[in-house]
Amino acid sequence: MARDAMTDTSLAIVVLAAGKGTRMRSDLPKVMHPLAGRPMISHLLATAGELAPEKMVFVVGPDMEIVGETVAPHPTCIQAERDGTGGAVKAARDELADFAGTVLVLYGDTPLVSAETMRRAVEACCGDVAVTVLGFRPTHIHQYGRLITNDDGGLETIIEAKDASPEQLAVNLCNSGVMAFDGRHLIGLLERLDTNNAKNEYYLTETVALARADGHAAAVVEGEEDELLGVNSRADLALAEAVVQNNLRARAMAGGATLVDPGTVWFQHDTVLGRDVVVHPNVVFGPGVTVADDVQIRAFSHLEGTSVEAGAVIGPYARLRPGARIGAGARVGNFVEVKNADLGAGAKANHLSYVGDARVGAGANIGAGTITCNYDGFGKYETDIGDGAFIGSNSALVAPVTIGDGAIVAAGSTISSDVEVDALAIERSEQVAKHGWAAAFRKLKSKKKG
Ligand code: UD1
Ligand code: CA
């Protein structure tokens with residue numbers, strides 16, 4: 001429990017997201033860059049929410065409406081001048097005035113911290129500890145502030161890499177940016193920050209030395225690099241994505257899916273896989289995919305905005321685009337693209353087809369090379385294929401068009417009128433057979449050559 005029984009155990013969370021993210025070289029605010037398909041800031045928002053804080057406040061820059069929209073309805077405070085992490089918390093001062101509980105500060109560019117780790121930082125901020133800092137020992141320490149501890153392991157000060165002496169730079173215990181404060185002291189500490197440092201900024205990290213000078217204790221809680229890495233550049237973003245993907249792969253396998261080669265399967269934060277789903281190598285899940293039990297997804301398939309019912313077989317090389325709904329036991333084979341279409345139970349589209357803006361009835365068979373011609377350059381139109389219908393190979397179905405239940409479309413037909421239930425539709429020129437023509441042709445040609 002944070003604090004002693006006499007004091008306030010409530011929690012406020014402040015997320016700093018006003019930094020310009022210059023090192024990203026991007027027009028998008030840094031915290032809006034996605035990991036597993038959602039902005040970094042949304043990852044933090046979800047995790048911080050697990051702590052059920054009294055309030056959560058986001059500090060953003062004046063030109064970052066998009067961040068405010070993403071975190072709504074949580075309040076945002078605007079840090080007009082980017083004068084450092086200390087300046088950013090100051091910008092939230094009005095939201096924190098009179099708050100006597102624990103204030104947890106998170107950095108928007110450190111999006112992978114688990115709720116459990118946040119909780120440990122909050123719980124260690126108790127008794128005479130005015131501030132706790134979540135430390136870690138990263139593989140590449142260059143950019144991080146160094147945590148300088150005393151012989152008892154207590155925290156004395158944080159030195160930014162740019163301000164550090166060679167001895168201080170050799171310390172491998174680093175500041176993750178996650179800090180918890182006794183709310184009764186926070187504002188007073190912020191007021192005394194100055195900008196006498198290499199970056200001429202108000203460093204939040206300086207609060208540690210100030211709290212120590214006031215006779216308070218400061219503590220370090222250690223966490224793992226995987227969840228504490230900070231994203232400052234595109235290279236860091238790729239490292240963070242790798243961590244998120246590994247977590248999602250582990251989650252899928254723990255839920256009962258087989259990933260034949262986990263490192264080659266790419267998930268989104270919202271991918272849902274059932275039990276006994278088998279995912280073969282090099283499968284990519286875009287946003288909004290739900291896969292029921294016992295589905296096989298074969299190699300090199302790409303799924304997005306799609307639901308797949310139990311027992312279906314997808315791929316290899318299938319493309320399921322938004323609005324594809326694949327029924328139980330249906331099959332979507334190689335080089336088949338499905339968009340905004342329902343494939344009924346047991347329907348098959350096994351080879352080289354485009355099925356868009358369509359309904360395919362249960363048990364229908366879509367032959368190789370079938371195309372639903374859904375677009376005339378202006379509008380999109382629907383194709384309706386009945387239960388048990390059979391569409392011969394290389395057919396073009398010109399929408400809007402309806403093929404009745406049990407109907408057969410002969411191979412190579414271009415169908416632009418509706419086809420009745422159980423009828424045969426055939427649309428192609430009559431075949432002409434010229435007896436002996438080929439043999440005569442060869443004879444003529446070989447004579448000329450000789
Ligand atoms: C900061 C820490 C460093 C720590 C590292 C962890 C300070 C002074 N340094 O360095 O000790 O090891 O994070 O990743 O705190 N921000 C604002 N307003 C500003 C400046 C920054 O809101 O004026 C926000 C940024 O959006 C970002 C976070 O604060 O989310 C950290 O800022 P950044 O400039 O990336 O700090 P680092 O140099 O990484
Ligand atoms: Ca940073």
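Helices (H or I, at least four residues) and strands (E, at least two) are DSSP runs, numbered from the N terminus, and I use these labels throughout my notes.

**Ground rules.** I am working with a predicted model, in which local features need pLDDT of at least 70 and side-chain atom pairs count only at pLDDT 80 or more, while totals for chains, interfaces and linings use all residues. Residues are numbered from 1 along each chain as its sequence is written, chains are lettered from A and ligands numbered from 1 in the order in which they are written, and side-chain values use heavy atoms, with hydrogens and water left out.

**Domains.** I looked up the division of the chain and found domain 1 at 11-228 and domain 2 at 255-425, with bounds that come from an automatic or database domain assignment. Taken over C-alpha atoms, the centres of domain 1 and domain 2 are 48 Å apart.

**Backbone.** I checked the peptide bonds and noted a cis bond joining Ala 72 and Pro 73, with omega about 10°; Pro 73 sits in the loop between helix H2 (65-71) and strand E5 (76-78). Another cis bond joins Ala 399 and Pro 400, with omega about 0°, and Pro 400 is in the loop between strand E29 (396-398) and strand E30 (401-403). I also noted Arg 25, a residue other than glycine whose phi is positive, near 50°, in the loop between strand E1 (11-16) and strand E2 (34-35). For context, most residues other than glycine have a negative phi, and most peptide bonds are trans.

**Pockets.** A pocket here is an open set of points on a 1 Å grid over the protein atoms alone, where a 1.4 Å probe fits, with protein on both sides within 12 Å along at least five of seven lines, and lining residues have an atom within 4 Å of a point. The largest pocket has a volume of about 1000 Å³, a volume being the space filled by probe spheres set on points joined across faces, edges and corners. I found 34 residues in its lining, with Arg 23, Thr 85, Asp 109, Lys 199 and Asn 232 nearest the centre. Helix H3 (85-91) and strand E10 (174-182) are the elements that give two or more residues to this lining, and E10 has the largest share, three residues.

The second largest pocket, of about 380 Å³, is lined by 16 residues, and those nearest its centre are Arg 38, His 43, Thr 47, Val 244 and Asn 247. Here the elements giving two or more residues are helix H1 (40-49) and helix H10 (234-254), and H10 gives the most, with four residues.
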